[in-house]
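Opening the notebook on a new chain today.

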Amino acid sequence: MSATSARRMGAVLPLCGALLAAVFIYFPALNSPFHSDDYLLLLASRDMPWSDFLRSSFDPGADPGALRLSANYWRPLSFVTFRLIYVVFGDEPLPYHLFNLAVHLASVVLVYALGWRLTKSRLGAAVAALVMAVHPEGFESITWIASLNSAALPLALAGWLAFTRAIDAESTAARNRWLAASLGLAVVALAYRESVAGIVVAMLLWYGMVERRERLRERETQILAGVHIALLVVYLLLTGILDPDGGRPLIDADQDVFKNWWFYAERGLVPLGSPEPAWQDSAQFIGTVVLIGVAVIAALRRQWLVLALSLGFFVSLVPYAAFSLGRGERYFYIPGALLALLLGAAATVCVASLAKLKTSAPIEQICVLGIAAVAAVTAVTANHRVAGWVETHPEVNQAWVDQLLATYPELPEGGGLFVSKTPPTLNVLDAYILQPMVNYLYEGETHPVYWIQDQYIDYGRSVMKPDDRWFTFEPE
């Protein structure tokens with residue numbers, strides 16, 4: 001094998017390993033059924049005319065109709081993507097899962113490419129790709145069909161790469177073309193999910209602190225940064241995300257922002273979910289302190305790339321910390337890409353520092369083997385988490401659906417449905433999802449759904465009308 005072929009192989013193998021690990025992790029979810037919010041999208045895709053669906057998706061002030069998610073989120077391309085898949089494949093779950101898996105694989109590839117550009121290191125790119133591939137904390141953003149909005153991440157990463165090409169362009173025409181591509185990709189990404197703005201902010205931090213640190217007053221520097229800042233400002237104004245009168249605002253100033261921010265930061269280096277044993281809580285606390293320490297040391301040693309990516313990661317957590325709908329591990333997915341780039345940059349700096357030590361030990365090879373071992377263990381753990389989630393969420397949801405349809409293949413015209421003993425995953429937010437689920441399962445007429453908690457079962461039975469029906473879920 002020639003030296004050139006060996007270098008190419010060395011560049012491709014880490015990426016291939018990361019992609020295989022990602023497929024291994026998410027394979028258990030490929031055949032999982034629809035779950036919770038998926039039914040809101042199924043119902044809207046089946047029952048709403050295209051004109052109403054598009055108006056509800058794109059106009060923040062429009063009547064959401066059956067597309068209830070559009071009342072809380074401006075994510076038009078996410079909704080349209082779901083509907084397009086529905087037009088072709090209907091309520092067959094696999095194509096939706098394949099789309100989400102493709103989104104994740106694209107994110108891994110783009111993190112690898114961006115890691116290579118930022119660190120100028122094969123090791124940095126490999127570490128970034130592996131972390132992106134196997135980090136388990138945001139896995140629901142891939143396993144949950146309704147999370148098609150995760151497509152925002154690879155689009156935003158591609159926009160960052162296009163931005164680097166604009167910076168490197170030798171002619172004004174080439175610079176403008178790449179800048180337009182970067183802006184276009186950012187616009188499309190924001191139309192999938194609002195919180196991807198954190199990637200744009202991280203890109204601007206990198207631009208100002210690394211690429212143009214000594215040239216901040218130059219007109220070209222200010223133009224390249226200014227157009228992206230203007231994009232974010234216009235986006236906030238047009239979508240009304242922060243407007244309390246424009247639907248339910250996504251940012252709630254009454255949230256305990258720091259506590260929620262710490263909740264997400266803890267899951268960076270120690271992605272073990274919500275703490276149960278005391279040691280896990282302590283480990284996550286230490287992991288967060290280490291991340292903050294990395295940023296402090298980077299500032300003291302003027303490692304500007306590590307510092308910029310640290311700040312980008314920390315800033316990207318803030319919107320989730322103030323999120324009005326609560327917190328959850330699944331929201332870590334987009335910030336996880338910045339964590340991956342940060343760890344790739346930190347690994348590059350650490351290995352370079354160790355290589356300066358007077359030792360005969362193959363430092364880089366030892367580090368690579370250690371990183372590969374940690375990634376393998378993490379991939380196995382993540383695979384188990386995905387499989388466990390499938391069993392306790394979509395499969396339980398489907399068991400409820402199957403029992404209901406087996407008990408009542410049809411419901412009397414005008415009759416309501418009283419339900420009790422529903423699975424905990426369907427009880428979230430006062431079991432809001434039950435009505436759209438029943439509307440989708442029994443096409444043609446709306447049957448009011450009454451969620452009856454255990455202490456009110458006797459009362460519920462006492463107010464039933466002749467055409468009403470009672471359904472009690474019996475876990476298998």
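**Entry 1: a loop leucine.** I started with Leu216, which sits in the loop between helix 10 (197–211) and helix 11 (219–239). I'm looking at a predicted model here, not an experimental one. How exposed is Leu216? Its relative accessible area is 45%, so I log Leu216 as partly exposed, given that exposed would need over 50%. Skipping neighbours within four places in sequence, I get Gly208, Thr221 and Gln222 as the contacts of Leu216.

Entry 2: Next I looked up Leu183, and found it in helix 9 (residues 172–190). Is Leu183 buried or partly exposed? I have it as partly exposed, because its relative accessible area is 22% and buried means under 20%. With neighbours within four places in sequence set aside, Leu183 makes contact with Val227, His228 and Leu231. I also checked a distance: Val23 is 160 residues from Leu183 along the chain, and their C-alpha atoms are 31 Å apart.

**Entry 3: the loop between helix 3 and helix 4.** I looked up two aspartates here. Asp59 belongs to the loop between helix 3 (50–58) and helix 4 (76–89), and Asp63 is in the loop between helix 3 and helix 4 as well. Which class does each fall into? Asp59 has a relative accessible area of 37%, so I put it down as partly exposed. Asp63 comes out at 63% relative accessibility and therefore counts as exposed, the cut-off being over 50%.

Asp59 and Asn31 are 28 residues apart along the chain, with 34 Å between their C-alpha atoms. For Asp63 and Phe53, ten residues apart in sequence, the C-alpha to C-alpha figure is 9.9 Å.

**Entry 4: positive phi.** I went looking for non-glycine residues with a positive phi and wrote down two. Arg302 has phi near 60 degrees. I placed Arg302 in the loop between helix 13 (278–301) and helix 14 (304–321). Its relative accessibility is 62%, so Arg302 goes down as exposed.

The other one is Leu429, with a positive phi of about 55 degrees. Where does Leu429 sit? I found it in helix 18, which runs over residues 428–431. Leu429 is exposed too, because its relative accessible area is 60% and the threshold is over 50%.

**Entry 5: the core.** How many residues does the largest nonpolar core have? I get 140, and the ones with the most contacts inside it are Trp160, Ile199, Leu341 and Trp400. Helix 15 (residues 333–355) supplies the largest share of this core, with eleven residues.

I followed up on Trp160. Not counting residues up to four places away in sequence, it touches Leu114, Leu118, Ile199, Ala202, Met203, Trp206, Leu309, Leu338 and Leu341. Two of those partners, Ile199 and Leu341, are themselves on the list of residues with the most contacts inside the core.

**Entry 6: the whole chain.** I zoomed out last. I count 20 helices and three strands in the chain.

Buried residues are 51% of the 476 in the chain. Looking at contacts with a separation of 6 or more, I find that 75% are between residues 24 or more positions apart. The accessible surface is about 22000 Å², and carbon and sulfur atoms hold 62% of it. For charges, I logged 33 positive and 41 negative side chains, with the centres of the two sets 17 Å apart.

Methods:
Residues are numbered from 1 along each chain as its sequence is written. This is a predicted model: local features need pLDDT of at least 70, side-chain atom pairs count only at pLDDT 80 or more; totals for chains, interfaces and linings use all residues. Side-chain values use heavy atoms; hydrogens and water are left out. Helices (H or I, at least four residues) and strands (E, at least two) are DSSP runs, numbered from the N terminus. Buried means under 20% relative accessible area, exposed over 50%, partly exposed in between (1.4 Å probe, protein chains only). Contact means heavy atoms within 4.5 Å. Accessible areas come from the Shrake-Rupley method with a 1.4 Å probe; for residues, only the protein chains shown count as cover. Lys and Arg count as positive and Asp and Glu as negative; His and the chain ends are not counted. The place of a charge is taken as NZ of Lys, CZ of Arg, CG of Asp or CD of Glu. A nonpolar core is a set of buried Ala, Val, Leu, Ile, Met, Phe, Trp, Tyr and Cys residues joined through side-chain atoms within 4.5 Å.
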